[in-house]
Every structure is written in C-alpha cells, then in structure tokens.
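Have a go at each task before you read its solution.

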Amino acid sequence: MADSSTADLSKGKRITGGDRTSLADELRKRYDGGESIRSLASSTNRSYGFVHRLLSESGATLRSRGGANRNSRKS
C-alpha cells in the first residue's frame, strides 16, 4: 500500500522539511482511513514511536486502544 514517496524511506534515514510534511499528510490520510499505527510503521519501515509522533504533529486525532476492558466485568 506504500506509494513511491514511502517506498524509498530507509530505516534510520532522517526525514525533515517538506519530505516530513508530505509523509505526515500521507500517513494521516491512511490513519484516518482506518489503518493502524503498527501497519503504517511496518509499511514505511519506521518505528511505532516515529509514526505516532508524526501523526500527533500533523494534528491527527489518535484513536484509543482497542480490545476488551479488563475491569468492565463487575460481579
């Protein structure tokens, strides 16, 4: 699902300026479309933390964690 702008991002390469902005915009669109942070990180060869930070910087509304709440069952 990665296009040409994310395909050439090698792990550890510093991303600044316009490249960072365009990557943030692309990742935000994909995240808003339902992709998880982990899948975005995997497809761009970046860490979970990097993608999370980039989404936060871009103004994306981050979803809460999924799954069952351990304390939801009161007996």
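Predicted model: local features only at pLDDT ≥ 70, side-chain atom pairs only at ≥ 80, totals over all residues.

Residues are numbered from 1 along each chain as its sequence is written, and side-chain values use heavy atoms, with hydrogens and water left out.

**Exercise 1. The chain as a whole**

Work out which secondary structure the chain has and what share of its residues is buried.

Step 1: go through the DSSP runs, numbered from the N terminus, taking helices as H or I with at least four residues and strands as E with at least two. You end up with four helices and zero strands, in the order α-α-α-α along the sequence.

Step 2: sort residues by relative accessible area, where buried is under 20%, exposed is over 50% and partly exposed is in between (1.4 Å probe, protein chains only). Of the 75 residues in the chain, 28% are buried.

Step 3: take contacts as heavy atoms within 4.5 Å. Of the chain's contacts with a separation of 6 or more, 56% join residues 24 or more positions apart.

**Exercise 2. Helix α2**

Check whether the span of α2 agrees with its number of residues.

Step 1: the expected span is 1.5 Å times one less than the number of residues. Helix α2 covers residues 17-32, which is 16 residues, so it should span 22 Å.

Step 2: the C-alpha atoms at its ends are 22 Å apart, so the two values agree.

Step 3: now look at burial. Leu23, Ala24, Glu26, Leu27, Arg30 and Tyr31 are buried in this helix. Just after α2, Gly34 has a positive phi of about 115 degrees.

**Exercise 3. Ser56 and Ser58**

Which of these serines is buried, and which is partly exposed?

Step 1: Ser56 belongs to helix α4, while Ser58 is in the segment after α4 (48-57).

Step 2: Ser56 has a relative accessible area of 37%, so it is partly exposed. Ser58 has 19%, so it is buried.

Step 3: neighbours within four places aside, Ser58 is in contact with Ala24 and Arg28. Ser56 and Arg28 are 28 residues apart in sequence, and their C-alpha atoms are 9.2 Å apart.

**Exercise 4. The largest pocket**

Find what lines the largest pocket and sort the lining by class.

Step 1: the space in this pocket is about 250 Å³. A pocket here is an open set of points on a 1 Å grid over the protein atoms alone, where a 1.4 Å probe fits, with protein on both sides within 12 Å along at least five of seven lines.

Step 2: lining residues have an atom within 4 Å of a point. They are Tyr31, Ser36, Ile37, Arg38, Tyr48, Arg63, Ser64, Arg65 and Gly66.

Step 3: Ala, Val, Leu, Ile, Met, Phe, Trp, Tyr, Cys and Pro count as nonpolar, Asp, Glu, Lys and Arg as charged, and the others, Gly among them, as polar. The lining then has three nonpolar, three polar and three charged residues.

Terms used: Points joined across faces, edges and corners; volume = space filled by probe spheres on them.
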